[in-house]
Amino acid sequence: RSHGSNYAPYREAGREAVRLFQACLNPPALPGAGLSTRLSDGPLVDWFVADLRYDRERRGGRLAPAGTLAAVRSWALGLTRPGVLVLGQPLFLEPGGAFDATPANFAADYEALWRALEAAPYEVLVLSGDVHHSRATHLSLPGARRVFGIVSSPAVHIPTVASTVTGSLSAQDRGAVRAPSGVRYGGASATL
C-alpha cells in the first residue's frame with residue numbers, strides 16, 4: 001500500500017480518516033498549520049499541539065509542511081510563560097528503522113524544531129506518546145536552557161491477565177526502547 005499505484009489512494013483515504021477523526025475531538029486548527037492548534041491555560045502555561053504526522057512525507061521528505069514548522073517556531077519565540085509542546089512521537093529518540101520513522105529521520109525539520117526550542121524565552125515540556133513506554137527526561141541545551149520530556153503511552157497501563165490476578169503492574173513498560181544519551185541537530189547537541 002505504500003508503493004506503486006496503491007500509494008496515492010491509500011494516502012488520501014488515510015488522511016481523510018484522520019482529518020475526520022480529529023475534527024470532532026480537537027479545537028480548530030491554525031490556518032496554514034495542518035491539523036496543529038494552540039491552546040492557552042490561563043496564566044500558567046501555553047500549549048501547542050503540533051500534528052507532525054498528517055502531512056508527513058516519505059523518509060527523506062518533510063516531517064511537516066513549512067507552515068506547521070513556522071507556527072511552532074512562532075509559538076516558541078512568542079512564549080510569555082513556560083510552554084508545553086504536544087507531539088505524537090518523542091523528540092528524544094534515535095532515528096527509526098526501515099518501517100518506523102521518528103522525527104530524527106527528517107534532519108532539516110528536526111533541526112528546525114530543536115532550534116525553535118533552543119530560542120524559546122521560556123523552558124518547554126515536550127509531551128508525547130507512541131513508544132509504549134512512559135518516561136520523564138530532560139535535556140540540557142547549549143546556554144543552560146532545558147527541554148523537559150514526558151512520554152505517556154497508554155499501552156503501558158493495559159493490564160495483562162497475570163497483572164490482574166497478582167495485582168502487579170503490567171510488564172509492557174519494560175523492554176529495549178532506549179533513550180539516546182543526547183540529541184544532535186545540525187551543528188548543535190543537547191545532553192540527556
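Predicted model: local features only at pLDDT ≥ 70, side-chain atom pairs only at ≥ 80, totals over all residues.
I'll start with the core. The largest nonpolar core has 34 residues, and Leu85, Leu91, Trp114 and Leu117 touch the most other members. Among the elements that each supply at least two residues of this core are helix H2 (66–77), helix H3 (107–119) and strand S4 (124–128). Take Leu91 as an example. Leaving aside residues up to four places away in sequence, Leu91 touches Pro103, Tyr110, Leu113, Trp114, Leu117, Val126 and Val183.

Next, the charged pairs. The model has five salt bridges. In one of them Asp109 pairs with Arg62, with the closest N and O atoms 2.8 Å apart. Asp109 is in helix H3 and Arg62 in the loop between strand S2 (45–49) and H2, so this pair ties together parts 47 residues apart in sequence. Is Asp109 buried or exposed? Asp109 counts as buried, at 3% relative accessibility, while Arg62 is partly exposed at 33%.

Helix H3 also holds Glu111 and Arg115, four residues apart, about one turn of the helix. Their side chains form a salt bridge, 3.3 Å from N to O. Glu111, Arg115 and Glu118 are linked in a network of salt bridges.

Another salt bridge joins Arg146 and Glu123, at 3.2 Å between the closest N and O atoms. Arg146 is in strand S6 (residues 146–151) and Glu123 in the loop between H3 and S4, 23 residues apart.

Last, the second largest pocket. That pocket holds about 240 Å³ of space. Its lining has 14 residues, with Val49, Ala50, Val86, Leu87 and Gly88 nearest the centre. By type, the lining has six nonpolar, five polar and three charged residues.

Conventions
Residues numbered from 1 in each chain as written. Heavy atoms only, no water. 1 Å grid on protein atoms, 1.4 Å probe; cavity = no way out; pocket = protein on both sides within 12 Å on 5 of 7 lines; lining within 4 Å. Points joined across faces, edges and corners; volume = space filled by probe spheres on them. Nonpolar A, V, L, I, M, F, W, Y, C, P; charged D, E, K, R; others polar. Core = buried A, V, L, I, M, F, W, Y, C linked by side-chain atoms within 4.5 Å. Buried < 20%, exposed > 50% of the residue type's maximum accessible area, 1.4 Å probe, protein only. Contact = heavy atoms within 4.5 Å. Salt bridge = Lys/Arg side-chain N within 4 Å of Asp/Glu carboxyl O.
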